[in-house]
Amino acid sequence: MRTRGTDLERKYICSFCGRSSEEVEAIVTGPGVNICNECVHYAREIIRTDLSERSLKLVQPVPNPKKIKEELDQYVIGQEAAKKAISVAVYNHYKRVSTEDADGGVELSKSNILLIGPTGTGKTLMAQTLARFLQVPFAIADATTLTEAGYVGEDVENVLVRLLQAADYRIERAEKGIVYVDEIDKIARKGESSSITRDVSGEGVQQGLLKLLEGSVVSVPPKGGRKHPEQNLININTKDILFICGGSFDGLEKIVLQRIGKKAMGFGADLKVRRDPVLNGLFRLVEPDDLLRFGLIPELIGRLPVTTALDDLDEDLLMRILTEPNNALVKQYKRLFDMDGVTLHIEEEALRAIVRKSIQKKTGARALRSIMEDAMLEIMYELPSLKGVTDCTITTETIVSRTEPVYGYKRKTRKNRA
């Protein structure tokens with residue numbers, strides 16, 4: 001370090017502000033770079049302010065449950081009970097995070113969430129919407145790809161690597177993020193008794209998830225993959241990370257029926273359970289013992305205290321999903337056509353034809369996009385080449401029989417060709 005009045009035969013210049021050693025109290029010199037005491041002070045203040053903003057403003061102020069549900073309503077149609085339960089759980093979780101330093105004398109537990117419902121009912125969309133609304137990092141993990149540490153596959157702890165990457169490797173942000181673990185039902189233990197052999201993709205993965213869910217310091221490799229002794233690891237504290245686990249839990253309805261005294265046996269029993277409007281709400285009656293019989297270990301069930309069910313989607317709900325949300329497919333296609341100067345019209349019966357095809361695929365709302373993409377591909381290929389088109393009307397025949405739509409032109413309306 002060089003101070004004013006020393007080494008008079010040479011003048012040192014700060015590499016950051018350009019002031020000389022005669023203008024400041026001290027300059028720290030290094031290989032090819034110098035920094036004065038004032039720039040050191042400013043740098044310290046910048047770092048302190050940045051760390052404070054990243055750690056405090058992340059969840060402040062915490063939106064109340066009604067505001068959280070209002071945001072979910074803009075993207076998720078139906079599922080009123082599930083949205084209310086999730087809104088309360090998320091509010092309690094981040095309220096706990098934002099006030100954990102206060103000396104209240106009461107330790108609040110994490111509100112990890114378990115979503116149970118058929119595929120395509122909005123489980124993943126709910127988690128994504130929450131993370132975007134709360135402006136926290138978000139990561140998705142597929143439980144079927146995870147294996148117990150030491151086996152071929154992806155380590156359970158790599159879930160946190162994705163969250164860290166989503167947070168631009170800012171640990172403070174990652175430690176307040178949301179992780180969605182999909183297909184959690186696929187790692188259920190086969191049978192109610194513990195297996196003598198090691199269950200690499202089932203119970204072992206459940207055991208590996210426990211440490212993440214309960215809140216502990218986990219060491220992860222920065223780029224993912226396997227750990228090795230010479231690798232620098234990053235420590236992540238999971239006590240403030242919200243974990244949302246989801247799964248379709250096929251067969252769980254039979255366990256619930258057996259517990260409440262009804263039978264679901266014989267040919268076509270699954271179909272009857274799905275179509276009966278009363279039995280369709282069976283997931284709302286799920287209790288911890290039912291999940292235990294399904295194959296989840298007791299410790300995992302205990303670390304998912306908020307359990308909520310999503311109902312299967314009927315024709316009316318799928319129609320609303322097509323047209324109402326902010327990211328509705330119909331709105332997206334209308335916007336794409338509008339960019340080409342064409343107004344898109346889709347007849348109601350055409351929309352219902354799309355919905356009926358989706359129901360046949362038995363994948364919920366997921367099938368809507370693939371059906372629409374298939375129906376609109378040829379139209380969107382030809383449309384930019386047509387001259388003078390102002391309107392395009394999609395009819396039922398366009399969806400069912402792949403006939404061309406009705407085009408409207410500047411002067412008159414005629415079908416197919418200019």
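The model is predicted, so local features need pLDDT of at least 70 and side-chain atom pairs count only at pLDDT 80 or more, while totals for chains, interfaces and linings use all residues. Residues are numbered from 1 along each chain as its sequence is written, and side-chain values use heavy atoms, with hydrogens and water left out.

**Exercise 1.** Find the order of the strands in the open sheet.

*Solution.* Strands here are DSSP runs of E with at least two residues, and helices are runs of H or I with at least four, numbered from the N terminus. Two strands pair if DSSP finds at least two bridges between them. Now check the ends: S5 (138-142) and S12 (306-309) each pair on one side only. Finally, look at one pair: 4 bridges join S4 (residues 113-116) to S12, and leucine 114 stands opposite threonine 307.

**Exercise 2.** Name the residues that phenylalanine 249 contacts, leaving aside neighbours within four places in sequence.

*Solution.* Contact means heavy atoms within 4.5 Å.

**Exercise 3.** Work out which helix supplies the largest share of the lining of the second largest pocket.

*Solution.* First list the helices that each supply at least two lining residues: H4, H12 (315-323), H13 (329-339) and H15 (366-382). The largest share, 4 residues, comes from H4.
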